[in-house]
Amino acid sequence: MNKITPPEPLRAGHDTSHFNCGQAPLNEFLQRHALDKQNAMLSRTYAVTSSARGSEGIGKGVMVVGYYTLTHAIVSQTEAPKKLARGMPSSIPVLLMARFAVDLRFQGQGLGRSLFTDAIRRTWAVMESGAAPLRFFIVDAKDEAAKAFYGRFDMIPAPENTLRLYLSYKTLRQLFGETVT
Ligand SMILES: CC(C)(COP(=O)(O)OP(=O)(O)OC[C@H]1O[C@@H](n2cnc3c(N)ncnc32)[C@H](O)[C@@H]1OP(=O)(O)O)[C@@H](O)C(=O)NCCC(=O)NCCS
């Protein structure tokens, strides 16, 4: 049986060459851009790996089978869901999960759920530490199927752009802690 590692920051020793989630732009981002952007401090990618080899047996060993990418963003008060943004200033700091994918061979086994949980737990850790202010965790669903996945986690769609979904720090506090007011 293949052992899946806990999420860790993407590094040069990770083999991304076989990654295929069924969405070419998400494969290409991981294979060509994720590490450069991380080294440039523009985003951070967390990867889970498996010791499974590629179907042709040519994998290098620590094969990435799922990942997500976090970056900072600013949303305007008017674009956020009204019930979350009431009384907020015009610009609101958020953490954006900019990319998220699981290899086709590993989908439907709970890996997406566990990666997503890891992403919101890390977001909560930043909020709770007070190291940088963050009001929301947000994602841009690629399509209605992805939106349905995020809907399972009680994310709230923006009124105009309904593929952009929000989780507030209050929800994260309910899930993970009680210390931030
Ligand atoms: C979306 C994605 C990351 C989910 O990963 P996964 O490992 O298959 O998800 P899981 O097995 O952890 O599923 C978690 C739950 O979500 C459900 N789910 C999975 N995909 C779903 C979808 N498209 N719509 C609705 N529910 C979905 C599962 O049934 C499961 O429910 P359960 O816990 O009640 O059994 C994966 O399908 C993927 O990489 N898709 C292609 C890339 C993509 O669309 N990324 C999102 C970009 S915004």
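Colleague: Which residue in β3 does T49 stand opposite?

Modeller: T49 stands opposite V64 in β3. Strands here (E, at least two residues) and helices (H or I, at least four) are DSSP runs, numbered from the N terminus. Residues are numbered from 1 along each chain as its sequence is written. This is a predicted model, in which local features need pLDDT of at least 70 and side-chain atom pairs count only at pLDDT 80 or more, while totals for chains, interfaces and linings use all residues.

Colleague: How many bridges join β2 to β3, and in which sense do they run?

Modeller: The two strands run antiparallel and are joined by 7 bridges. Strands are said to pair if DSSP finds at least two bridges between them. Y46 has Y68 as its bridge partner in β3.

Colleague: And over how many bridges do β3 and β4 pair?

Modeller: Over 11 bridges, again in the antiparallel sense. There, G66 has V102 of β4 as its bridge partner.

Colleague: What is the order of the strands in the whole sheet?

Modeller: The open sheet has 7 strands in the order β1-β2-β3-β4-β5-β7-β6, with mixed pairing. β1 (8-9) and β6 (156-157) each have a single partner strand and stand at the edges, so one side of each has no neighbour in the sheet.

Colleague: Which strands does α3 touch?

Modeller: α3 packs on the sheet and touches β2, β3, β4, β5 and β7. The direction of α3 makes about 155° with that of β4. Such angles run from 0 to 180 degrees between N-to-C directions, and the axes are lines fitted to C-alpha atoms, for helices over the stretch in contact.

Colleague: What is V94 in contact with, leaving aside its neighbours within four places in sequence?

Modeller: V94 is in contact with A73, V75, L134, R135, F136, F137 and I138. Contact requires C-beta atoms, placed from the backbone, within 7 Å.

Colleague: Now the ligand: how many residues surround it, and which are the closest?

Modeller: The ligand is surrounded by 21 residues, the closest being Q107, G112, R113, A146 and A148. A residue counts as near if its C-beta atom, placed from the backbone, lies within 6 Å of the molecule. α4 gives the most to this shell, with 4 residues.

Colleague: How do the shell residues divide into nonpolar, polar and charged?

Modeller: There are 11 nonpolar, 7 polar and 3 charged residues in the shell. Ala, Val, Leu, Ile, Met, Phe, Trp, Tyr, Cys and Pro count as nonpolar, Asp, Glu, Lys and Arg as charged, and the others, Gly among them, as polar.

Colleague: One last topic: where does M41 lie, and is M41 buried or exposed?

Modeller: M41 lies in the loop between α1 and β2. M41 is exposed, because 7 other C-beta atoms are within 10 Å. The phi of M41 is positive, near 60°, in a residue other than glycine.

Methods: Contact = placed C-beta atoms within 7 Å. Buried ≥ 20, exposed ≤ 12 C-beta atoms within 10 Å, placed from the backbone.
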